[in-house]
Amino acid sequence: MFDYAIFLAYALLSLALVLSFIRLVLGPTLPDRVVALELLASLTVGFIGVAVVATGRSAYLDVALVLALTAFLAAIAFARYLEKGGHRVDD
């Protein structure tokens, strides 16, 4: 039962990664692409979390934490860039 749950988690995360990658490539505006990139980072953190649960190696949690913090700071920087009058296609 545990193996099925891990497999299902990997399958759903993979599907979400493919869909967000499609949004990243096709996103009509720059904010759409940035949100898709943020989602890719979050899904990667999810992959790492599932890997930690599956393998029991807690050392990967540090990697997930750093990746999540980096993605958060990138989102904040992009929002600040847009607030300062950065390039926007949707105006």
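Guide: Welcome! One convention first: angles under 35 degrees count as roughly parallel, over 145 as roughly antiparallel, 65 to 115 as roughly perpendicular, and the rest as oblique. This is a predicted model, in which local features need pLDDT of at least 70 and side-chain atom pairs count only at pLDDT 80 or more, while totals for chains, interfaces and linings use all residues. Residues are numbered from 1 along each chain as its sequence is written, and side-chain values use heavy atoms, with hydrogens and water left out.

Visitor: How are α2 and α3 oriented to each other, roughly parallel or roughly antiparallel?

Guide: Helices here are DSSP runs of H or I with at least four residues, and strands are runs of E with at least two, numbered from the N terminus. Axes are lines fitted to C-alpha atoms, for helices over the stretch in contact, with angles from 0 to 180 degrees between N-to-C directions. The axes of α2 and α3 come within 9 Å and cross at roughly 170°. The two helices are therefore roughly antiparallel.

Visitor: How many nonpolar residues does the contact of α2 with α3 have?

Guide: Contact means heavy atoms within 4.5 Å; among the residues that meet are Val34, Ala41 and Ile48 in α2, and Leu67, Phe72 and Phe78 in α3. Ala, Val, Leu, Ile, Met, Phe, Trp, Tyr, Cys and Pro count as nonpolar, Asp, Glu, Lys and Arg as charged, and the others, Gly among them, as polar. Beside two polar residues and one charged residue, the nonpolar count in this contact is 18.

Visitor: At what angle do the axes of α1 and α2 cross?

Guide: Helix α1 covers residues 2-26 and helix α2 residues 30-55. These two helices are roughly antiparallel to each other. Their axes come within 9 Å, and the crossing angle is roughly 165°.

Visitor: Is serine 20 buried or exposed?

Guide: Serine 20 is in helix α1 and touches Ala36, Leu39, Leu40 and Leu43, not counting residues up to four places away in sequence. Buried means under 20% relative accessible area, exposed over 50%, and partly exposed in between (1.4 Å probe, protein chains only). With a relative accessible area of 4%, serine 20 is buried.

Visitor: Which residue's side chain does threonine 29 join in a polar contact?

Guide: Threonine 29 is in the loop between α1 and α2. A polar contact is a pair of N or O atoms within 3.5 Å; within protein, one must be able to donate a hydrogen and the other to accept it, and residues adjacent in sequence count only if both atoms are side-chain atoms. At 3.0 Å, the side-chain partner of threonine 29 is aspartate 32.
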